[in-house]
Amino acid sequence: MLFCWDAFGQTIYTGKVLSQGNNEALIGVTILVKGTSRGSITDTNGNFTIEATSGDVLAFSYLGFISKEVSLGPQNTITVTLAEDTKSLDEVVVIGYGTVNRRDLTGSVATVKAEQLKDASSVSFGDALRGKLSGVQVTSSGGEPGAGLDIRVRGMNSISASSNPLYVVDGVPIESNQSEVKTGGMPLDNPNVNPLSYLDPNNIASIEVLKDASAAAIYGSRGANGVILITTKSGDVGKAQVTFSATTGVSFFNNRVEMLDANTYSEYIHLRYPENPLYTDPTTLEWIPMEASRTVNWQDELYKNTGMQNYNLGFSNNTDKSKLFVSLGYNNTGGIIKNSNFKRVSFLINATTKLTDKFSVDLRSTTGYTSRVGQFYGAGQGSGAGITMRVLTSKPFDTGDGIADPNDADYFSPLRFAELSEKLNRSLTNLTNISFNYQIHQDFTLKILGGGYITNAKNTSFLSSAITNVANSNGLAALGSALTFNWLNENTLNYNKTFGDHKLTGLVGFTQQQNTTESYFLQATNFPIEINGADAIQDALNINEYGSEKERWALLSYLARVNYGFKDKYQLTLSFRADGSSKFYGNNKYSYFPAGAFAWQLGDEEFIKNLNIFDAVKLRLSYGLIGNQSIPPYSALSTAGTINYFSGSTQYNGAVTQSVANKDLTWETSETYNAGLDFSFVRNRINFTVDAYIKNTKDLLLNAPVAGSSGFSTVFQNVGSIRNKGIELVLNTVNIDTKNFEWNTNINFNLNRNEVISIGTQEQIFTGVIVNTPITPNVIQVGSPLGSLYGYIFDGVYQPTDFETNGTTLKSGVVSFGTPRPGYYKFKDISGAEGSPDGVVNDYDRTVIGNPNPKHFGGMNNTFSYKGLSLSTFISWQYGNDILNWSNSVLQGSSYNNLKADYYRNMWTTNNQETNVPNYVDATGRNSPSTYYIQDGSFLRLQNVTLKYILPKSLIKTAKIGYVDIVLSADNVALLTNYDGYDPELTSPDPRNIGVDYFSYPRPKTYTMGINVRF
Amino acid sequence: MKNIKFLLLAITILLGSCNNFLEEEAYSFKNPAELLQTEASAEAYMIGVYDRLSNRPFGKSFGQGLLVVANFGTDDFSGKGAANQIYGDYMNYTFTPAEERLDLIWNNFYSGINQASAIINNIPASPSSEATKNKLGSEAKFMRAFYYFYLVRMFGGVPLITEETTSLDALNTPRASIEEVYTLILKDLTEAAPLLPAVNQTPAGRATKGAALALLTKVYLSMAAYGKYKPLAGYEWVNVNEAFTKAVTTGQQVIDMPDYALLSNYGSIFEVATENNSEIIFSVQMHGSSQVSDEGSWLANFFAPASVGDINVSRGGMNHARPTRNLINKYATGDTRKTWNIVNFSYNGCTEVPGPTTLAQTFTGKFRKPCGYDGQHFSDPINVPLLRLADVMLMVAEASAELNDGAATPIALQLVTSLRTKRYLATVVPAAPTGNFLDFIFDERSRELCYEGQRWFDLARTGRLINAVKATQLATATTTAPANIQTKHYLYPIPLNEILNNAAIDFTDQNPGY
């Protein structure tokens, strides 16, 4: 301490702080002698001591209670009661570069507090958000622990720039692709890592989602997809406290797809491949049946019950001058597929200290090490099929070792595959910021923040030489690493003044942020000794792909915001941000993002008051511009890269021009309108919020195709526009509120409509990619929603009556597709080269066949509590989205792959012609996306049931424990859907394939038991 | 504590940004404009122009796409597979403007042209030596002419661009006339030829004087034939006689060069062990091994005998291409080219296994992987020959006969005889040409150059394409080409994407019939 204060003339006052009503002692109440820096805090019995003089004013503040000021009289002992702050509208909401009381909020902000997060067994915060926030749609690409999440705030706004929101953790904006390791190609690409998986959800105090322009425009060029503010916990409750929580549980997956058994499979292969001597006797041409008893259900072999455990230990201390919170966390979540799991070790230090009454320093630092072990899933990468595909497609019996059928050389037992391949992702992230707050003047506070994050990620993968498809390379290892350093400096000056009916707060600031990522990768083959795999790359004889990359971007911004409140009834917010980005040229570097919002406490007006219905009514209106610059750095530059060129067997390196400069490239801008109403009725027991919005995004950043004769095929350009519009409803009710029993319900309902308004000169852009195929199942076209599914319209199967007597020539008038035969896929002829049906089904007959965006979605939470016991149930739903179940294309007759049993029973054969299920022989039809594969993805899921019991104080008091609860929780309890894949909420691991299910990693059911203790 | 104000102020100023904060700097890529600043990087930039001949994905280069387009769909061979094979549309003449290989080839060649133009226009002002400027500038001119020559023959009058594209203002260029394209090709080649090194450079596969003259011979012969036989509009400007005469004189210069000589073993021309031999004037360099899997071609996949057992170590391939009866019947006994180009066996590793007897299997055998090779299939290490001595000899013979109303001339006879003598078994004397001499030359070109991507262009420039394709007699393969081929097929369609994305070209500019 550089200073001390004069203690002479002081008296020691002692006292107690109680809660009004039940007279319980309040622990950790902050007490300040007004006008000085002297303070104190109540202990576990609510007692405090403080030095003051008679006539001083003591200010008592406590979270969730109305602050109180008490003038000191001559008595040395005082008792103060604080009233609980029941108005939910008065909770503090974190907004960009500050906080605001919910009552004063003008924008559209959704909030989740720690209590709503902590009881779920989620590995990452994103899972916990599922269905909880209005306007926020969370989808994951798979049920693998630690898998990536796609979070969409109010629909998709962007074609090629990211549609992920901006994450801001303790004030530091994080790029959502930060942990992507550049690997130059297969088979390391691992884009599904959740960038925030390093963060322990136990340490999150609140999550706020900034949805409209008024809220998000302060983040300017990065706010267009919404902003998710994550605030970690501080030690602001209680004095010297230790918290401990432990959760353990089990995950399992019992859904099974019924596949053919060994006997039926052998019959199928006998019919399909009569030349294969394993199933057909070469001389008699008779079927060689395989006993059904040999059947192995690979799903039973690979989907295993697995455990999870999570521990969190926290220490906090809160004195009048300093707050400290330290936390340690450990998570180990097994995957339900053999050899997959996720581990995290994390720690956090949040500390604040007041050096003087005007100057404070705040440190926030989170570190997490994550390890994700798994394999190739889905359609796999580089090695053909991944585990989730093999588990279904593999022949239903064990051939002992790998290859038993020379006619099916690609076959490999999925169990062996799981043992012989691995994919690892390890990542260490530290996010730290230090801020200095200095009250320059009684109305002005200066805040200087310096911080950032460092991520070091390493990916490795290894495929053993025994795996057939890579046998020729004799073992394949890939390894890559990326080091990201992102630093941030923010300098803001806050103004806060109340005079009479006028309340004015303001903010001006200057910020700068720079991100540098350095990565390298290499791929090695030919391992004479492959014991150590990718950990001993020196065992490989050949390094055949390698590279390194460094990239940097920077942002320089100026921001300002003014909030003006009049008579606590009218609120006006104006904000402005100017962003300069390194990604654009000259005059286009800077762009400006203004926003304005107005809120009116209608409930305070006489004409509403007189209705005697509402406790509060608030109208919110906002308008603003927000941007998106999530394109790779250097997109506007002319670049040349290096290529390999061989002459003979000597390698030469050449340089090729790869892109042409686009000096006009600029920001994607979303113009956003929002209107909202907040109502409270029945003594605040019913709170209802409705928001309606329109978001017009223009100047879409797109790597748009250009005339090939220019020497380039695509150039990053600003083309086209998209509109999202929607309605969000939130209803929070206290249904029953008696002394011992309480029943609360929270419902959110969301409806978003997305439409592509224009895409420049293009008519259609095909975006979907199905791994290892040229198939593009998604289209962007004017008038349709983004990512619409595209293909033929299925029209049943060709029947023998469609053909002339020779059985191969179609009768006139019958539409032809490919080389039709009875039992083949028949599609509708809707157009042709001349723009009208021409009798032939070809590219002209493809059309939009499905919309992957739901018509509406939402969640409902019910909490029942009786004394210390509470039960909460959480239901989420999605309605009206289409899924292209592309897995079925493989499960319905792709070469030697096993078939779905119901398909085999129902498919067209000469003996079963009364069916609309095509025969497996037609590979062309089977491999064409069509309405045949489109299914309704609507679902209703009982996502979570949690039973919590808080041990009565009387029981634990003797043990000197402050608080104990025991939590039993079940996740993903039940699912109601017509979708016939594993899970309608999981689509392909490739984010380009919206609404395409191609062997996703299924989501398990998880039962957990936990205990939370506070000392 | 008073000093805190100043401390904070100082921090703020220290953190104030520097001028370059928002500028982008190239770390892991190059600024193309800087590549000509040193001789070594200029050399690398030139290699980048060659790389378009072989680069991935194969559909756009001689790795695969150009082995399919303008090669399948002749009377020399056909594909064994069904219409859904990658070559199905070209084998059967069912391609549409949307077929992706057309687009890939178009884009790839134009990106080569763009980079060649950058070198041609910018190297004179670069710090390189005069010798390097001349050499690289001339190589770039050769390659630009090469790319335009393929484009003009495949697509007709294409956008003629001679400036590097450096901004979005220059993205859209209308189609030029066929004459304008040829004028540039002739200009580039005649300027390049005298400045190029006479013999093969290191690395092999680069432009030489011989390559420029051989290509020039082909250009003259091509324009003369199009001008004479008029299968297409747009060649009316050609002075036919002058062009044939120049084909003779230019080709003769190549034949007279001491660097080129016929090999005594026909198969050795194409073998990897003897690649870049004295018969090869210009070829696409391919490489493959167990370690490098994306620098090769599909030559063996198409044009090698079938393989038994592990295809990666076999001298054979997937035997997709099957010779036609037309080709098989063109050969006489004692012609070593027949036994090399048409085979009835498969390979197990390096061992010949008589082909399955249940079907009359006849395979193509021209491009075989080397014995002892172990590499990823579909990345065959065999070079793709584009210009070779025998081709030039036959071109000179043809042009010379054209100048003599189609009758043989002494020089033509001498060239044909010396080639045929070399190709026959020492014990067999090849028969003298009989019948129509030009027809004979055409058959000789098939015998010599089959599967080398010459036949389609030969048939097109002489107006023989439709009749020849209609007369195709298949041995074992299948094709619907005879029923599908039409006049419009003398040109390929402008790729759909070019029409959609080029503001200066619309659907009315498409080649007739598409």
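Colleague: How far does helix α15 (residues 437–449) of chain B reach from its first C-alpha to its last?

Modeller: α15(B) has 13 residues and reaches 18 Å, close to the 18 Å expected at 1.5 Å a residue. That expected span is 1.5 Å times one less than the number of residues. Helices here are DSSP runs of H or I with at least four residues, strands are E runs of at least two, and both are numbered from the N terminus. Bear in mind that this is a predicted model: local features need pLDDT of at least 70, side-chain atom pairs count only at pLDDT 80 or more, and totals for chains, interfaces and linings use all residues. Residues are numbered from 1 along each chain as its sequence is written, while chains are lettered from A and ligands numbered from 1 in the order in which they are written.

Colleague: OK, which residues in α15(B) are buried?

Modeller: Phe437(B), Ile441(B), Phe442(B), Glu444(B), Arg445(B), Ser446(B), Arg447(B), Glu448(B) and Leu449(B). Buried takes 20 or more other C-beta atoms within 10 Å of the residue's own; 12 or fewer is exposed, in between is partly exposed, and the C-beta atoms are placed from the backbone.

Colleague: And what covers them?

Modeller: The cover includes α11 (325–328), α12 (336–341), α13 (389–402), α14 (410–423) and α16 (455–461), which belong to chain B. Just after α15(B), Tyr451(B) takes a positive phi of about 65°.

Colleague: Zooming out, what does chain B look like overall?

Modeller: Chain B has 19 helices and eight strands, and its C-alpha trace spans about 110 × 55 × 50 Å along the principal axes. Buried residues make up 55% of chain B.

Colleague: Which residues have the most contacts inside the largest nonpolar core?

Modeller: Phe142(B), Leu189(B), Ala212(B), Leu215(B) and Ala224(B), in a core of 144 residues. A core is a set of buried Ala, Val, Leu, Ile, Met, Phe, Trp, Tyr and Cys residues joined through C-beta atoms within 7 Å. A second, separate core of 98 residues includes Phe253(A), Met389(A), Tyr824(A) and Ile849(A).

Colleague: Switching to chain A, how many helices and strands are there?

Modeller: 12 helices and 51 strands. The C-alpha atoms of chain A fill a box of roughly 115 × 70 × 65 Å along the principal axes, and 50% of the 1015 residues are buried.

Colleague: How many residues of chain A are in contact with chain B?

Modeller: 65 residues of chain A, against 65 residues of chain B. Contact means C-beta atoms, placed from the backbone, within 7 Å. The largest share of chain A's side, nine residues, comes from β26(A).

Colleague: How does that side of chain A divide by residue type?

Modeller: Into 26 nonpolar, 31 polar and eight charged. Ala, Val, Leu, Ile, Met, Phe, Trp, Tyr, Cys and Pro count as nonpolar, Asp, Glu, Lys and Arg as charged, and the others, Gly among them, as polar.

How values were computed
Two residues are in contact if their C-beta atoms, placed from the backbone, lie within 7 Å.
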